[in-house]
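Please examine the structure shown below.

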Amino acid sequence: MTKDIARKPIYLDYSSTTPVDPRVAEKMIPFITEHFGNPASRSHSFGWTAEEAVEEARDEVAKLVNADPREIVWTSGATESNNLAIKGASHFYSTKGKHILTVSTEHKCVIDSFRELEREGYTATYLEPEPNGLVDLEKFKKAIRPDTVLASVMFVNNEIGVIQDIEALGNICREQKVIFHVDAAQATGKVDIDLEKLPVDLMSFSAHKTYGPKGIGALYVRRKPRIRIEAQMHGGGHERGMRSGTLATHQIVGMGEAFRIARIEMQLENERIRKLRDKLLHGLQDMEEVYVNGDLKHRIPHNLNISFNYVEGESLIMAVKDIAVSSGSACTSASLEPSYVLRALGRSDELAHSSIRFSIGRFTTEADVDFTIQLLKEKIHKLRELSPLWDMFKDGIDISKVEWAAH
Amino acid sequence: MQKVYFDHNATTALDKKVLGVMMPYIEMQQGNPTSQHSFGRHARTAIEEAREQVALAIHAHPSEVIFTSGGTEANNMIVHGAAIKQRESTLVRSNIEHPCVARPMEAMKHQGWKQALLDVSQDGVVTKETYKNISAENVSLVSVMLANNETGAIQDMSLLHEFAKEKNALSHTDAVQAFGKIDVRFDELHIDAMTLSSHKIYGPQGVGALILNKRSDIEPLIYGGGQEKNLRSGTENIAAIVGFGKACELVSESMKATSAHTYELKKILEVHLKDLGAVIFSEKVVRLNNTTFFAFKDIEGSTLLTALDKKGFAIASGSACSSVNKEPSHVLLAMGVDEDLARGALRISFGQKNSATEVRDFIEALRKELQTLKQLTAIAA
């Protein structure tokens, strides 16, 4: 077992999932063992203790995003939150209209919720972002129709880490009386979120991207002005009827603690991580034909998505086994399709295929980054030596203009 | 003060061995099970092992196990998923189903589906005659819970199977309360779908499963990354899933002993309860060995509950989920129990660790409380 751990690769896949912070784990354990009550049990102290812990955690989640605890609804994760927000609000306000708007680079669970609504008879617009991954405000405004009921834009993109101008997009939605949902799964603990200020109606959160446990998330539902949603899980009437099901107390406690730590440590952590990311970026940019995907300025410090030209995608992933990274997002990495996000930015299939997402986190060290730079330089050099395309490029041949003979 | 927990139908304490297998997944670096690197693959393997443990415990095939966030989600998933496949059809359920079967059906009703109810007898079971009363032809789903959470009454699954077969409908049973207390064999029940929950069998909260027959086709409730064969998207709750798997393995081993043990406790309890003048609901039918649902005439249930909690006994009034509201139990009303008597109902549900001494202490405490309450009532009168 110890040997196994020693051989484990360096983890640079924090956008896929993060380890649970030891402080979070410590806080969770008593709620698995001693205080195991059902928070809905009102007839005994086991239930009360659990309920108290759930409410304390709700406060912590609310604090990180400057919301009222009564605006936080627990869910099983961001996927459920996104489904609940998009389908729930679209259904509730369907009399207003049946047009819904999102961006083509959203997470799959947003896109798939939209597709489901399309099957139900809604019309959807999937706005293309600019080549830097950001949404153009004018285009967004133009995409809104009189019958648009809801718009959904993610705060931080999971693959390229770009931060959208949520305030400006929200203001446009307010003017047009469109409900605005934001998937903030990748944003918590990385960017400041102030829901007192941001014109956002619904916002999805996940714990396991912010050093909390898997299987727990939340949905922010604005109270003023009040936003209504149709529940998708009915039952005991938990969470004021918006989401039934016994609350997993220890997981909720874990999410609360993870968000508390994020609130306190975010500034310092982001500075440290930015330095590591910049070091990684500069190290990799020593090489030729290396392209950063997505805007570098409006971007979380944790993310670096890079395409290595003239390297074959699959062999690249095989070659860098000593680091744990993603090509495309984890949720779709089982498929060999090139990332739909990178393609939406106008990247060619080849460049999309040869991309790597490095995501740096709380436990990444400078030595990890040094190792990664060294490894990439070595492997890319080797792979390019084997590549006839690289030879052609070096000989000054423009490969895009080559007419390949048909066989 | 020593606390005595008699509310195992609400939730159970995690088994230490379950915690043991979960800890590495809480504490150590873990991958997203969908990721291709070794962290992700390790997580994937752990999930598939848990799936086998769940399948083994209920005699199903691992491919029939769909992990969800709990029983509520699994029940919502089957109701919504079966209904969407057959527009304008009728959804059939008993009138004592848990709200997480009943309410999703009500919600579908608002969207154009029909609902038909199977009324239970005064003992709380659906009889053969009751099934015959359902005249609807276009039935998409029929759902009858295996054991009721409040009374513990066990339903005849062969009747459900026959009815579903006749109507060419999907059959579903909410086995959340039955699993771990009686032998549940998916392959022998001939039911298409079944709901399980982890936190009722000494596993963690926040995970459950829908067991779905390979031939059954339903629509998902939650869309996204396509996990669980596209039926349930969302990053898997790996620590909880691993814990659930272990809990299934343990409960299979201990079920017979626990069942016999709680049966002994129940016998002691019920003899004394009747001695004190209690009415025991569903007494005449086959019930779970750990559950007693009872009431005293003219005694306020909530007063008794609070007084007993102060003395260290955690019991319930009806189901935990609905203990927020003070409405009398819908199960008892469905059985035709008088509303005042129903309002006073209390539930005791035993677990592995309860002892005969605890039961005797409880009876003593109850006897004293009843005396006090009767004196107070006498003074008031």
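In this predicted model, the contact between the two chains takes 60 residues from chain B and 56 residues from chain A. On the side of chain B that touches chain A, the elements that give two or more residues are α1 (16-27), α2, α3 (71-85), α4 (99-110), α8 (238-275) and α9 (301-310) of chain B. The largest share, 5 residues, comes from α4(B). By residue type, this side of chain B divides into 27 nonpolar, 27 polar and 6 charged residues.

Chain A contains an open sheet of 7 strands, with mixed pairing and the order β2-β8-β7-β6-β5-β3-β4. Its edge strands are β2 (72-75) and β4 (123-127) of chain A, each of which pairs on one side only. On average, neighbouring strands of this sheet are turned by 20° against each other, direction ignored.

Strands of a sheet pair through backbone hydrogen bonds, either parallel or antiparallel. The pairing of β3 (residues 99-103) with β4 in chain A is parallel and extends over 5 bridges. Within β4(A), Leu127(A) is the bridge partner of Val103(A). Helix α4 (residues 78-92) of chain A lies across several strands, including β2, β3 and β5 (148-152) of chain A, and runs at about 165° to β7(A).

Attention now returns to chain B. Helix α2 (residues 38-58) of chain B has 21 residues and reaches 31 Å from its first C-alpha to its last, close to the 30 Å expected at 1.5 Å a residue. Among the buried residues of α2(B) are Phe39(B), Ala43(B), Arg51(B), Val54(B) and Ile58(B). After α2(B) comes His59(B), whose phi is positive, near 60°.

Terms used. Residues are numbered from 1 along each chain as its sequence is written. Chains are lettered from A and ligands numbered from 1 in the order in which they are written. This is a predicted model: local features need pLDDT of at least 70, side-chain atom pairs count only at pLDDT 80 or more; totals for chains, interfaces and linings use all residues. Helices (H or I, at least four residues) and strands (E, at least two) are DSSP runs, numbered from the N terminus. The expected span of a helix is 1.5 Å times one less than its number of residues. A residue is buried if 20 or more other C-beta atoms lie within 10 Å of its own, exposed if 12 or fewer, and partly exposed in between; C-beta atoms are placed from the backbone. Two strands pair if DSSP finds at least two bridges between them. Axes are lines fitted to C-alpha atoms, for helices over the stretch in contact, and angles run from 0 to 180 degrees between N-to-C directions. Two residues are in contact if their C-beta atoms, placed from the backbone, lie within 7 Å. Ala, Val, Leu, Ile, Met, Phe, Trp, Tyr, Cys and Pro count as nonpolar, Asp, Glu, Lys and Arg as charged, and the others, Gly among them, as polar.
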